[in-house]
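I opened this notebook to record what I looked up in one structure. I began with its aromatic rings and left the overall fold for later.

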Amino acid sequence: TRSIVGRVRCVQDTAIKGTYRLLISADTKDLWKQQLESKNFQEALNLCNEQNKKYSKYVSGLYGDEKFRNGKSVDAALLYADSSKSFEEVILKFLNSGETEGLEAYLSKKLEYITD
């Protein structure tokens, strides 16, 4: 859960249950950067989607990389489909790693965008 009051933001730390952190920023539009630096990718993405959409695709790519490193290729694929990463880069990443499930999920999501 989170709330914004002026320039103070309360964020629940997902790494430690029941722990909250207060983030104080002079510029609320850059809170996503702080979350990204703390490896809170989902929160960074949420903030971009709410306040600074132009960075959403960038953050989606970084979040996808994190999911991929952690062996969650399907989750990574869905994030990559919404990212600014090139089609070729993502396809090669899945082909080189042998992650066929992730490749299929990525292609399906991209096709979904084309047919919509």
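**Entry 1: aromatic pairs.** I searched the whole structure, a predicted model, and found 6 aromatic pairs. I paired rings of Phe, Tyr and Trp (its six-membered ring) if their centres lie within 6.5 Å; planes under 30 degrees apart count as stacked, over 60 as edge-to-face and the rest as tilted.

I noted W32 and Y55 as a stacked pair, with 4.7 Å centre to centre and 25 degrees between the planes. This pair links distant parts of the chain: W32 lies in helix α1 (residues 31-37), and Y55 in the loop between α2 (41-51) and α3 (56-69), 23 residues apart. Helices (H or I, at least four residues) and strands (E, at least two) are DSSP runs, numbered from the N terminus.

I then checked accessibility, where buried means under 20% relative accessible area, exposed over 50%, and partly exposed in between (1.4 Å probe, protein chains only). W32 is buried, at a relative accessible area of 4%, whereas Y55 is partly exposed, at 28%.

F41 and Y63 form another stacked pair, with 5.6 Å centre to centre and 10 degrees between the planes. Here F41 in helix α2 and Y63 in helix α3 are 22 residues apart, and the pair links distant parts of the chain. I found both F41 and Y63 buried.

**Entry 2: aromatic cluster.** Which residues form one aromatic cluster? I listed F68, Y80, F87, F94 and Y106. I also noted the charged end of K93 over the ring of F68, 5.1 Å from its centre. The criterion is NZ of Lys or CZ of Arg within 6 Å of the ring centre and within 35 degrees of the ring normal.

**Entry 3: helix α5.** In helix α5 (residues 87-97), I found V90, I91 and F94 buried. They cover an arc of only 100 degrees around the axis, so they lie on the same side of α5; the arc is that of the directions from the helix axis to the C-beta atoms. The face turned away from the buried side of α5 carries the exposed residues E88 and N96. What covers the buried residues of α5 includes α3, α4 (73-81) and α6 (100-115). Just after α5, I read a positive phi of about 75 degrees at G98.

**Entry 4: K39.** K39 is not a glycine, yet I read a positive phi of about 65 degrees there. Most residues other than glycine have a negative phi. K39 lies in the loop between α1 and α2 and is exposed, with a relative accessible area of 54%.

**Entry 5: the whole chain.** I counted 6 helices and 3 strands, in the order β-β-β-α-α-α-α-α-α along the sequence. Of the 116 residues, 35% count as buried. Among contacts (heavy atoms within 4.5 Å) between residues at least 6 apart in sequence, 29% join residues at least 24 apart.

**Entry 6: confidence and conventions.** I recorded an average pLDDT (the predictor's confidence in each residue, from 0 to 100) of 86, with 76% of the residues at 70 or above. Where is confidence lowest, and where highest? Strand β1 (residues 2-5) is lowest, at a mean of 48, and α4 is highest, at 98. Where pLDDT is low, the predicted coordinates should not be read in detail.

Residues are numbered from 1 along each chain as its sequence is written, and side-chain values use heavy atoms, leaving out hydrogens and water. Local features need pLDDT of at least 70 and side-chain atom pairs count only at pLDDT 80 or more, while totals for chains, interfaces and linings use all residues.
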